[in-house]
Amino acid sequence: MRKRQHSKHRGRRHLPGQKPRGCLQKRVEEVGGERFGIIAVDVGKAEACSEVFDFYGKVLLEPFEFEVTRPGLEGACGEIRKVLEQHNMRDWVCAIETTGRYHIPIKRIFGEELGEARNLHPYTTSQIRKSCDLGNKTDEIDLAAMHRAAVVGLAMKDEVVSEQDQAWRVAARHRRDLVEKAATLKVQLKEVIHAYLPGFTKLWTADHFWESPIGVTMATTFPTAEALAKASDDEFMEAARNIGSVIQRRTIQRIRAWATQAAPADVAATMYHRRACG
């Protein structure tokens, strides 16, 4: 039996580059570790949680939750700023876990009110948390893991990207999403067609079935193999003309040859086809 090979690149685009590009050592040396603060923020949809540490991990502000609203965010920034002033912190960064798009308003307000806000990938937090607290997940443990990630330089600065590049990224991401959805839909449609016309899609190669509208048109116009076998050339051509296309006679002959030897169809799928296609 042939062994299935898995590509080593599969899924790589979903994982962050785990390189410490957010190093803080020079800034820490200038002010001292006890005067450098790290503000960890665990993001949620409606609420978020934050904790404040110094560079060495001493907790300056215990974990507290706040609502993701403008009053909630501004109130959280006020509490954090008080703590930073009380402990005479001279420099700090905010390490905000990126969760979908839910972190964006938090990052914007924290950046405006407190200064530098950096991105921390949830994959990084998860791996560091598991290294110390495998199987134990709480907000406090996540925030402590985020502090450790920021210390070793894994809280990243935003890339400087031009508006044109941002637009291209959005378009490329949207295109990739559409391609993946289209591929999934094609697989599902071929399975449905195979249910009431078993083997019909094999008349075309895997990729060519979708290159021409003829295959799908014949499959939706004629609900059974018997109907395809009995259809005249004029009926085939009329179905093709209805979609602004043409069908060659050798294609008609190939379809008839298959239809006369087709396997029995799934009765339920045939009834569904008749109801859906009228």
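Accessible areas here come from the Shrake-Rupley method with a 1.4 Å probe, and for residues only the protein chains shown count as cover. On that basis, the accessible surface of the protein comes to about 17,600 Å², of which 52% belongs to carbon and sulfur atoms. This is a predicted model: local features need pLDDT of at least 70, side-chain atom pairs count only at pLDDT 80 or more, and totals for chains, interfaces and linings use all residues. Residues are numbered from 1 along each chain as its sequence is written, and side-chain values use heavy atoms, with hydrogens and water left out.

**Overall make-up**

- The protein has 11 helices and five strands. Helices (H or I, at least four residues) and strands (E, at least two) are DSSP runs, numbered from the N terminus.
- Of the 278 residues in the protein, 38% are buried. Buried means under 20% relative accessible area, exposed means over 50%, and partly exposed lies in between (1.4 Å probe, protein chains only).
- Take the contacts between residues at least 6 apart in sequence: 59% of them join residues at least 24 apart. A contact means heavy atoms within 4.5 Å.

**The largest nonpolar core**

- A nonpolar core is a set of buried Ala, Val, Leu, Ile, Met, Phe, Trp, Tyr and Cys residues joined through side-chain atoms within 4.5 Å.
- The largest such core holds 25 residues, and I39, V41, I80, I106 and F110 touch the most other members.
- At least two core residues come from each of β1 (36-42), β2 (47-54), β3 (59-67), α2, β4 (91-97) and α3 (103-114).
- Helix α2 gives the largest share, six residues.

- I80 sits in helix α2 (residues 70-86). I80 is buried, at a relative accessible area of 0%.
- Beyond its neighbours within four places in sequence, I80 is in contact with I39, S50, V52, L61, F64, F110 and L114.
- I80 and I39 are 41 residues apart in sequence, yet their C-alpha atoms are 8.2 Å apart in space.
- I106, again leaving aside neighbours within four places in sequence, is in contact with V41, V43, A48, V68, L73 and I96.

**Salt bridges**

- The structure holds nine salt bridges. A salt bridge is a side-chain nitrogen of Lys or Arg within 4 Å of a carboxyl oxygen of Asp or Glu.
- R27 pairs with E116, with the closest N and O atoms 2.6 Å apart. R27 lies in helix α1 (residues 25-31) and E116 in the loop between α3 and β5 (117-120), so the pair ties together parts that are 89 residues apart in sequence.
- R27 is partly exposed, at 21% relative accessible area. E116 is also partly exposed, at 26%.
- D233 and R256 meet through their side chains in a salt bridge of 2.6 Å, N to O. D233 lies in helix α9 (residues 233-241) and R256 in helix α10 (residues 249-259), so this pair ties together parts that are 23 residues apart in sequence.
- D233 counts as partly exposed at 24% relative accessibility, and R256 is partly exposed at 23%.
- R241 forms a salt bridge with E238, the closest N and O atoms being 2.9 Å apart. Both lie in helix α9, three residues apart, about one turn of the helix. E238 is partly exposed, at 37% relative accessibility.
- Salt bridges that share partners join R27, D91, E116 and R118 into one network.
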